[in-house]
Amino acid sequence: MNYDIKDTKLAHKGALRIEWARNNMPVLALIARRFEKERPLKGLKIAACLHVTTETGVLMEVLKSGGAELFLCASNPLSTQDDVAGSLAKNLKIAVFAIKGEDTVTYYRHLKSVLAAKPDITMDDGADLVSTIHQAKPSEFANIKGGTEETTTGVCGYGWCGRGVSMRAKGMAARVVVVEVDPLRALEATMDGYEAMTIKEAAKLGDVFVTVTGDINVIRKEHFLAMKDGAIVANSGHFNVEIDIPALEKLSKSKKCIRDFVDEYILRDGRKIYLLGEGRLINLAAAEGHPAQVMDMSFANQALSAEYIVRKHREMKRQVYKVPEDIDKNIAALKLKSMGIQVDVLTAEQKKYLSSWEMGT
Ligand code: ADE
């Protein structure tokens, strides 16, 4: 089996950390138990481009228990946990191509290595596999039944990620400013108790900046020029394009890595700006990403959507589908059950009331 990872000697540590994550992913455990019996992915090759974390390790186990042959590369050059890659390659015999800190050339070589397996199904976080496939000749990937895509990091402005960042910052007693382009969301942010303003205004005020927009050059030259000395800038969107790093480089007379994942830029007028994690998605570049309890649901979606593709691909069209609501509801029900939470059901009278237009006051 081919693989390219940092070191298989890290496998033992990786296996223990994957075990820890597995203990906190009850929905995936239930799916694994069913997959072992039903083997819905038997004989299929799955190419996955995901952050190689302990939680992804658990997803790989689940897909394998469903009968799949797996090929895994990283969905970001900085998010790989090398011990996890070691364990997946050595213990689970998965063809892993991922090394933390790999350069761009290696990153894309790894992506190609995974696609060379001629997968039946692709699984993305950031759409790198599916976009590469769409730039190739259709005949190269004739056997693909479908692909799944999930990106949990960075969804436009005061979306779910922006709300999470704001809430945590408020919890740490920060004065939180939200920058938005959508009036509805800016209003929601205001009603939630944050200050909404333009990036031009915010640039002068902020001590810490976090981009979570999914768009390009959100913080750029004119904003760096307005920032306070010592401002900290980070990105938590999927790609490293939200902060205009080339502009920061041009404005600076020097740059040094002052501690892990912190680059100090000294501007020509002497002000310092600190860029975290090379502007890559900070939660995975400098920490361990979302906790297992959250990824339990994201990855239950990946596993059940792959199963859905296997069962339904013959009747599916060549288009983007949302995850069917049944799958989402099923996962929510399993998660609530695992947390010991029960929900009510509508009475017959309530159901009737909701579906009628005649019953009024
Ligand atoms: N995306 C966000 N957090 C993640 C994690 N812990 N594992 C894999 N993908 C992620």
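The structure is a predicted model, in which local features need pLDDT of at least 70 and side-chain atom pairs count only at pLDDT 80 or more, while totals for chains, interfaces and linings use all residues. Residues are numbered from 1 along each chain as its sequence is written.

**Two domains**
- The domain assignment, which is automatic or from a database, gives domain 1 (8-152 + 290-338) and domain 2 (160-285).
- Six residues from domain 1 and seven residues from domain 2 make the contact, which requires C-beta atoms, placed from the backbone, within 7 Å.
- On the side of domain 1 that touches domain 2 there are one nonpolar, five polar and no charged residues.

**Helices α2 and α14**
- Helix α2 (residues 26-38) packs against helix α14 (residues 325-338) at an angle of about 115 degrees, with the axes 9 Å apart; helices are DSSP runs (H or I, at least four residues), numbered from the N terminus, and axes are lines fitted to C-alpha atoms over the stretch in contact, with angles running from 0 to 180 degrees between N-to-C directions.
- The two are therefore roughly perpendicular, a term for angles of 65 to 115 degrees.
- Pro26, Val27 and Leu30 of α2 meet Ile331, Leu334, Lys335 and Ser338 of α14, and these residues divide into five nonpolar, one polar and one charged.

Methods: Two residues are in contact if their C-beta atoms, placed from the backbone, lie within 7 Å. Ala, Val, Leu, Ile, Met, Phe, Trp, Tyr, Cys and Pro count as nonpolar, Asp, Glu, Lys and Arg as charged, and the others, Gly among them, as polar. Angles under 35 degrees count as roughly parallel, over 145 as roughly antiparallel, 65 to 115 as roughly perpendicular and the rest as oblique.
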